[in-house]
Amino acid sequence: MKMDVVIAGVGGQGNIFASLVISQYAMNKNLNVSGAETIGAAQRGGSVVSHIRMADGPIYSPLISRGQADLLVGMEYIEMLRHLRLLNPRGTYLLNAMKIQTVLSNMGMDEYPSPEEILRAVRNYCPRGYVIEASALAKKLGNIQMTNVVMLGALVKVLPFFDYDEIKWLTNANSPSRFKEANVQGFEKGYKLIPA
Amino acid sequence: MGEKNYVMGNAAIARGALEAGVRVVAGYPGTPATEIVDECLGVPGVHVQWANNEKVAFEICAGASLCHVRSMPVMKHNGTNVVTDFLMHVNFTGIRGGLVLISADDPGGLSSQNEEDTRILVHQYAHLPIFDPCSPQEAKAMVKEAFDLSERTELVFCLRPVTRVCHARGILEFEALPQSLPAAHYEPDRERFIMSAVEMPKFGGVKRPQIRHRWLNEKQPLLQEIMETSPYNWAEKGEGNVGFIGCGMGYTLFKEAEQYLSSKLPLLKLGTLPLPRKRILDFVKRLERVVIFEETEPLVEGMIKKIFQEEKVAVEVLGRSGFVPPEGELTLQMILDTVPRAAPQIKVTQPEVPTVAIHIPIRTRTQCIGCNYRGILNALKQTVRKYKGIVAGDIGCHDAGSFKPMELQSTIYCMGSSIPMASGMALAGVNRPVFAFIGDSTFYHNGILGLMNAATNKINVNVILGENTVTAMTGFQPHPGTGVTLTGEKTLSVQVPKLAESLGIRCRVVNPYDLKECRKALEAAVKEEGPSLIVSSMPCYLLSTRRGEKVFEPREVRIDSGRCSGCLICINDFGCPAISFDKPNKKVAIDPMICVGCGLCIDVCKRGAIL
């Protein structure tokens, strides 16, 4: 058995927290785990992608190759698009409906595609997936930085591989004490974003 | 059985060093190596510090090693370049306590100004041994062994991890740390540790450098023998007469590729330099061709060609001299594209995936929203435009000012090159004001030398020091201007105005959140003859926010669309990601979700359309 997960987003969205929770979950299940983060040189605003590879056999490369990801988590529209071809077309995607402009699109020198165009391309590629308003919900709950825990909650409902109680426990355990309560709440609300 | 942890390659390297009993760790931050130093913190009796630059870090470690203490200098490839001068001496003297140099390469320049292969520098040039790990787990084992071997051979050993090892994560077993570390002691050995062009009576008057060179050369057979039986080199059987050699990550990627190949191919895993000559000869016995996957230069390829020539082995050797792409990091795709070209009977069955026919905008780098550099860069941009100035840039967060939209700095090379390059432009007689922009960590790294040179030679350059009090780009490491050490202990911070005073340079300190003040200082500097210094001083916004400290009073910023003419000065000369251009309406907009309310853009707008 193997489970390859890619989390794609923009620096500052909390990818790495989410990838650590997932990795710890797999470790607790006695699976082999490997992974990698690619982070740009800037502190914030660059593309950030985490690869998490879990298997009951050996894992060689820390990076997931073309068409191998079982789950692609997009924290932002074009970041998900950028890594779409890592996803197995029979896999699952989970997208946060959040648009973060680029420097060049801000200037009017580049065209940020419309959400409709992006979703059409994504659905053409992979029929199974969910688009949720995780950042909007996080903001409503008081802090847009909670997008990652909302996404974790949703992810648990999307794939039976993940166990609700254990991921919730790990979300709590990995949160700094002043954010514990809010993060667990974000996780629970994220779970409810996905229809039963 | 030790405790199991899921950690980054850099943490694995740190843990290996701690388990080996390292006592002094020093480095200069640089991706992908930075976390190795941080991860060594917190063990009693182990001194861990950031140094001004990599050469200083290395020399600290060499001093410790001569006192029989294990030490580890940590750096990225650019830093190893800086260390070269010392390396070309310590290779001749050798060391006492185990000294393991961590020289992390960044193939593909994922977070670097260049891509290079420091194996060439350390092994081909300095003739020192190297381990090239294929995973975090192997990196940890190699570091531990390198300390033992370094002491046994009296040579500096080097671990050369690449980004995909440093930033990979894996499950690692943590073993116990040594209960006690040996005490330091020093005995003079001047024939060895005084490197000088002195005649040696013992050797009939031959100069010492030649004798020490001979000493290093005579170590090579021992290194060769050690690597011949090293656990980091092994062969795997396979079908056919085309073999493959994977060095470090090259092996890992080949193993990943195997699932897509129609049969198991002969594979030799290499992780050491010198190469295990006999193992290589044994591996190619029934082969006609070998292909080498290594990061990044065709170094092992050339060495194997040499071995084959010496041994009269008629096996074709291919690799990164062109058969495999000679630039960029190795990828799985490169291997899958290469294998059938080398072994035509092999079928590759990689899952086909649909193409994604949609334009995907690129994210270029920029300063963080709220960053104080954006203020001084904007003021400089306007001054440069008015006086037709030229700006030489340097390494650090401010370098994003050289990209669109600002396109301010005209040159960026390596640490500290801004002030000397600007000096050269001034001396060339361009007849335009010349500026150098440098951040404070880079200034203390070696930029300070360029400033002294400009001062003593009275060169007409305008130096802008972006003093954000921390090495921000790599994750907020302290430097000599910070006032705290890596362990959080309070210490002195260099006072740049006093330094400028002692150099006889006119120094102006400005607040980068006050554009008028910045512009005034820049204009005054332009009109002055001789070197001048502007210190744009304000702590990094991101770090201050994290600490709950305010660097400005946040305010609600909005656009008066009646006044906005769509002139785009706020985008082209300032480029805050919170400001965007609404093309159909030809007006700009501020995204309240991401604006942090620094208010700098209010002064940038000439029409008063930003309130």
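1. In β18(B), Val434(B) is the bridge partner of Ile390(B). That bridge belongs to a parallel pairing, over three bridges, between strand β17 (residues 390–392) of chain B and β18(B). Two strands count as paired if DSSP finds at least two bridges between them. Strands, like helices, are DSSP runs numbered from the N terminus (E, at least two residues, for strands; H or I, at least four, for helices).

2. A word on the model before we go on: it is predicted, local features need pLDDT of at least 70, side-chain atom pairs count only at pLDDT 80 or more, and totals for chains, interfaces and linings use all residues. Residues are numbered from 1 along each chain as its sequence is written, while chains are lettered from A and ligands numbered from 1 in the order in which they are written.

3. Have a look at strand β18 (residues 434–439) of chain B: is it covered or open? It is mostly covered, with six of its six residues buried (20 or more other C-beta atoms within 10 Å of a residue's own, with C-beta atoms placed from the backbone). Val434(B), Ala436(B) and Ile438(B) point one way, and Phe435(B), Phe437(B) and Gly439(B) the other. In a regular strand the side chains alternate between the two faces of the sheet.

4. β18(B) also pairs in the parallel sense with strand β19 (residues 462–467) of chain B, over five bridges. Here Val463(B) in β19(B) stands opposite Ala436(B).

5. Now follow an open sheet of five strands in chain B, ordered β11-β13-β12-β15-β16 with mixed pairing. β11 (234–236) and β16 (316–318) of chain B are at the edges with a single partner strand each, so one side of each has no neighbour in the sheet. Within it, β12 (residues 242–247) and β15 (residues 289–293) of chain B pair in the parallel sense over five bridges, and Gly246(B) has Phe293(B) as its bridge partner in β15(B).

6. Finally, the chains meet: 44 residues of chain B are in contact with 47 residues of chain A (C-beta atoms, placed from the backbone, within 7 Å). β8 (168–174), α10 (249–258) and β22 (579–582) of chain B each give two or more residues to this side.

Definitions and conventions
Contact = placed C-beta atoms within 7 Å. Buried ≥ 20, exposed ≤ 12 C-beta atoms within 10 Å, placed from the backbone.
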